[in-house]
Amino acid sequence: MSGHLLLRRLVQAVPTLFGVSVVVFVLVRVVPGNPIAMMLPPGATLEDMERLRQAYGLDGSIVEQYVIWLGQALQGSFGTSISLRQDVLELVLGRLPATLELAVFATAMAIAVGVLAATTGVLFRGRWPETVIDAVNGFTLAVPDFIWALALILVFGVLLPVLPISGRVDPRLGTEFATGFYLTEALVSARFTVVGDLLAHMIMPAIALALPLAAIITRVLKNSLAEAMVQDYVMIARVKGFSRWRIIWVEALRNASIPALTLTGVQFTFLVGGTVLVEKIFSYPGIGNMAIDAVINRDLPLIQGLILSFAVIFIVVNLLVDLSYGWLNPRLRS
Amino acid sequence: MTGPLLQVRDLTLSLPDRSRGKLFAKPPMTDILRGISLDLPRGESLGIVGESGSGKTSLGRTLVRLYQPTSGQILFDGADITTLDEGAMRTHRKHMQMIFQDPQSSLNPRRRVGEIVAQPVLALGVERDRRAALKRADLALDRAGLGHAFARRYPHELSGGQRQRVGIARAIATEPRLIVADEIVSGLDVSTQAQILALLNDLKQDMGLSLIFISHDLSVVRVLADRVMVMLGGRVVEEGTSADVFQGPRHAYTRQLIDAVPLPVIEPGWLDTKPATEGTRMVDIKGQTVLVTGTSRGIGRVFVDALLAAGAARVYAATRDGSGSHSDARVVAVKLDVTNSADISTAAQTCADTTVLINNAGINFNSKLLETDQVDAAAAEITTNYLGTLNMCRAFAPVIEGNGGGAIVNMASILARVNLPLMGSLCASKAAVYSMTQGIRAELASKGIAVFAVLPGAVDTDMTKDFPPPKAAPADIVAEVLAGIQAGEADIYAGDMAKGVSGGLAADRPAVIAEMAGYV
Amino acid sequence: MSAILDIRDLRVTLRRGGHLVRDVSLSVNAGEVHGLVGESGAGKTMIARAVLGILPDAVKVSGGKIGFRGDDLLQLAPKRFRALLGREIALIPQDPLTGLNPARRISAQMTDMLRHHLGQSRQEARANALRLLQEVQIRDAGQVLDRYPHELSGGMRQRVLIAIAFSAEPSLIVADEPTTALDVTVQKQILRLIRQMQERHGTAVLFVTHDLGVVAKVCHQVTVLHTGQVVEQGGIAEIMSTGAAPFTRALMGATPRYDQPADALHPVPAHIHRELLAAARRFDEANP
């Protein structure tokens with residue numbers, strides 16, 4: 001089943017990626033703004049511009065440009081960044097690990113907080129802890145991630161300066177990394193000072209990204225948990241003499257998590273999208289940060305490469321979500 | 001108009017089984033209804049009973065063309081509605097209405113009761129004017145015993161019984177000729193249920209309605225229905241007037257159903273009584289490991305596919321030389337000559353997980369008994385047909401018992417009960433098989449092994465090429481055999497000819513013997 | 001014979017007002033099946049759930065006592081009450097399709113109580129589960145243990161739930177309409193199984209049902225309820241006799257019977273309902 005599912009999803013991913021690439025390609029070209037003009041120093045001639053247009057393949061029609069781009073993309077070449085004059089694939093792959101580590105860390109935090117809040121809320125159904133959780137949750141849902149980012153900087157960076165407010169790792173530590181996955185690498189090689197420094201840099205952007213997601217998870221999971229708690233099998237577990245806490249965790253949580261998980265899969269994409277602003281605010285060197293610069297500079301090849309990598313992340317995450325359904329619901333396995 | 005209101009011939013319904021689908025391939029089809037025929041006279045009520053999965057609900061929905069049948073024919077009021085599209089069905093819809101099991105979910109919670117009842121009146125063009133339709137709705141609500149004051153209420157303000165009356169009012173508002181009521185009193189308290197049943201009975205009388213009443217509750221069906229149809233596995237196992245079926249059920253499954261109904265009468269020991277099925281219990285093929293002998297051709301080969309379709313976990317397909325392969329991984333080829341005792345004991349070890357044994361292997365020399373050079377043929381027929389089957393039973397009864405019980409199915413022939421001189425020696429061997437089967441049935445009854453004798457009529461295979469037609473298709477015979485096993489019929493008369501001969505033997509034995517004697 | 005369950009003047013009330021059970025008393029002896037019969041709204045399920053301590057949030061016990069082997073369940077500390085549940089008091093639920101957790105294997109659901117409450121090791125608990133499945137006549141018990149609920153038929157699931165209910169040898173089992181969702185042939189097997197198990201283990205059973213046919217076949221004692229009041233109480237022979245209370249006889253008359261098709265369509269006469277409703281009203285006036 002899961003093998004089939006994997007194959008089917010991979011096949012389905014092809015038209016998705018194709019569609020994304022077409023839409024992005026057309027969009028970035030109809031939006032006003034001339035990348036060539038921005039690259040040249042003031043006073044450049046029209047011939048200079050034409051030469052550069054040819055050099056970047058921007059002289060043909062959109063269809064021609066797309067066919068050329070697609071042909072190269074299929075061979076693994078996504079062109080050269082106009083503003084940074086480097087290979088797009090290298091640029092994206094260089095920055096992607098930072099964003100992935102941040103996004104996964106933030107999602108894990110959101111899930112942990114969401115599950116804890118939802119189960120606690122259900123455990124204290126109708127009593128004051130539930131009221132508090134609902135109130136905090138409503139507030140958290142209403143505030144977007146970049147506001148959290150600014151608020152966190154204000155509190156823990158300025159008023160109470162305990163955390164670094166920019167970058168990914170303190171350069172004074174002078175550590176060298178073999179891969180882009182700094183945190184993973186530091187953990188594996190047991191360099192705990194570095195781990196501490198990485199986490200100190202990551203914690204604020206991660207919290208900013210995690211809070212809205214945690215609120216959504218709490219709300220959905222709490223509702224489905226409450227539904228599961230009135231099922232007959234929960235009644236049986238109560239009559240077996242098990243405590244409410246154990247019943248929530250052992251009997252209800254797995255059955256209740258499917259709606260929350262589906263939503264987390266969808267929301268993860270928004271979270272990755274949220275990195276665009278949040279990374280910029282914290283000068284965190286990920287692809288979100290890079291995306292803003294690319295848009296400002298009208299760096300068409302880089303924008304395309306970045307958006308496609310967002311699309312790939314989306315597909316992979318949702319595939320993982322689909323695969324985990326089978327684990328959560330045995331009926332879907334056979 | 002005269003003639004039955006509803007005539008159904010050989011109706012089948014197959015739906016794709018998505019649970020067994022493979023990637024990119026069409027899912028296999030599952031038969032939901034198999035060869036259903038019925039006549040419903042005007043003003044009569046037909047009860048359809050069966051347990052879950054019997055197909056009774058699918059049948060009801062197919063009859064009013066909510067489902068498109070796969071094959072067969074439905075005549076409603078003389079018109080063939082089998083393949084009409086939704087547009088063409090509209091003219092018939094007002095004459096055939098359905099009442100559903102769950103009034104809660106079949107009533108739109110945002111509509112007032114009057115609008116709900118008027119909705120089909122407008123939609124099916126009985127009335128074009130909204131006010132006239134609402135007027136009809138009021139009338140229908142009065143008839144349904146609610147009173148038109150209810151027209152302004154919402155469904156959630158009503159009790160279960162009242163909601164079901166709304167369902168009835170909606171169904172009768174278009175003045176239909178046929179109503180199909182599916183489990184409409186299950187879930188209601190008995191006092192409410194009694195009221196609804198009385199109401200349906202009155203409506204049937206007053207409006208001259210024909211009624212198809214689908215229910216799992218035999219007592220309810222008995223009270224309401226003129227005729228009863230008992231369903232099992234998508235088939236009709238018994239049909240007749242309610243009085244006949246309930247007083248003298250002919251079919252083992254019907255007996256079992258009736259026997260299981262707890263009447264409000266103190267009856268010590270009732271719980272421990274086994275249904276009166278002559279010691280033979282129903283055997284579900286699903287999940288069983290089945291050994292079939294003689295699968296190289298004819299019925300045996302058809303058995304393998306039919307068993308797979310019925311959900312057998314594994315099928316040991318035995319042939320004399322062990323050859324043959326099958327695309328389905330559940331089929332295991334086995335070398336087994338039933339006249340070879342070494343083969344049999346090997347098979348009993350290699351096929352040690354067998355739970356159902358189908359003794360199908362047999363030979364036929366088409367020989368008369370007294371023709372001079374034919375005694376060898378008679379000996380061979382006895383060796384294979386009788387001794388082969390007996391030895392298989394002897395070897396596998398302990399195996400099946402060790403696996404927690406199961407079934408043994410012996411293929412005899414209708415010719416076991418009357419000799420056809422044209423192939424006199426075969427008949428004698430089949431009579432021996434039939435007699436032996438009765439004997440081991442008695443011996444194995446206490447060991448959890450159901451023993452079936454199959455008495456088919458002539459089947460269209462190589463073996464019977466000299467036999468005069470009509471001959472049944474092997475697939476039909478096999479389907480009847482499996483249905484018989486699942487229904488717990490001890491002696492399975494498969495095919496029209498077998499049933500005819502069996503009936504003839506019961507009615508006028510000498511005449512049948514004389515007729516058979518004619519084929520010399 | 002001493003009573004295992006002794007309910008005295010039990011009163012169950014909606015938190016926003018209104019009685020659901022009006023001072024019901026009944027007792028169930030060891031080895032006895034006590035039927036709790038009535039139509040919907042009669043209060044039979046409320047009584048059962050009060051015994052198990054699983055009343056809905058909107059409902060509370062407002063009076064009386066539920067005696068269980070000398071203790072009053074209503075006065076027990078939650079922890080001590082939980083210690084009785086499963087071990088001394090168990091439940092067979094109505095719907096086998098929802099009574100088992102779809103995400104957990106049968107083995108996990110059969111052994112969790114044995115392991116966590118009775119302190120059995122994993123192997124011990126599994127061996128016991130296997131024995132129990134065999135006792136409820138499940139073939140291939142070993143394989144069934146490793147399955148998920150959706151892989152079993154309705155009848156099989158109800159057998160598993162019965163096995164779970166009996167697993168700690170409780171002295172009282174509450175069976176809440178245990179066969180209502182089953183096919184009639186399976187119902188008979190399950191009824192037989194419950195009686196066999198109950199007789200073998202000497203268990204007291206509080207059997208909730210709306211079906212007088214089922215009552216006639218499995219119960220020793222019967223309490224007939226209407227609007228939360230006891231209409232009639234007694235041995236099965238009395239309840240089924242012509243001397244029974246008018247409401248009981250009316251219920252019998254409304255029950256369709258295939259063996260008496262002609263005289264089955266008698267709804268319960270309105271005056272009987274009226275009288276019982278008036279009695280409930282009088283009770284409510286005296287006990288606001």
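Helices (H or I, at least four residues) and strands (E, at least two) are DSSP runs, numbered from the N terminus. On that basis, Phe156(A) is found in helix H7 of chain A, residues 145-159. The model is predicted, so local features need pLDDT of at least 70 and side-chain atom pairs count only at pLDDT 80 or more, while totals for chains, interfaces and linings use all residues. Residues are numbered from 1 along each chain as its sequence is written, and side-chain values use heavy atoms, with hydrogens and water left out.

**Chain A**

- Phe156(A), at 30% relative accessibility, counts as partly exposed, a class that lies between buried (under 20% relative accessible area) and exposed (over 50%), with a 1.4 Å probe and protein chains only.
- Thr107(A), which lies in helix H5 (residues 88-123) of chain A, is buried with a relative accessible area of 9%.
- Leaving aside its neighbours within four places in sequence, Thr107(A) is in contact (heavy atoms within 4.5 Å) with Leu213(A), Thr264(A), Phe268(A) and Leu271(A).

**Chain B**

- The secondary structure of chain B comes to 16 helices and 17 strands, and its C-alpha trace spans about 90 × 60 × 50 Å along the principal axes.
- Of the 520 residues of chain B, 51% count as buried.
- Among contacts in chain B with a separation of 6 or more, 66% are accounted for by residues 24 or more positions apart.

Note on methods
Chains lettered and ligands numbered in written order.
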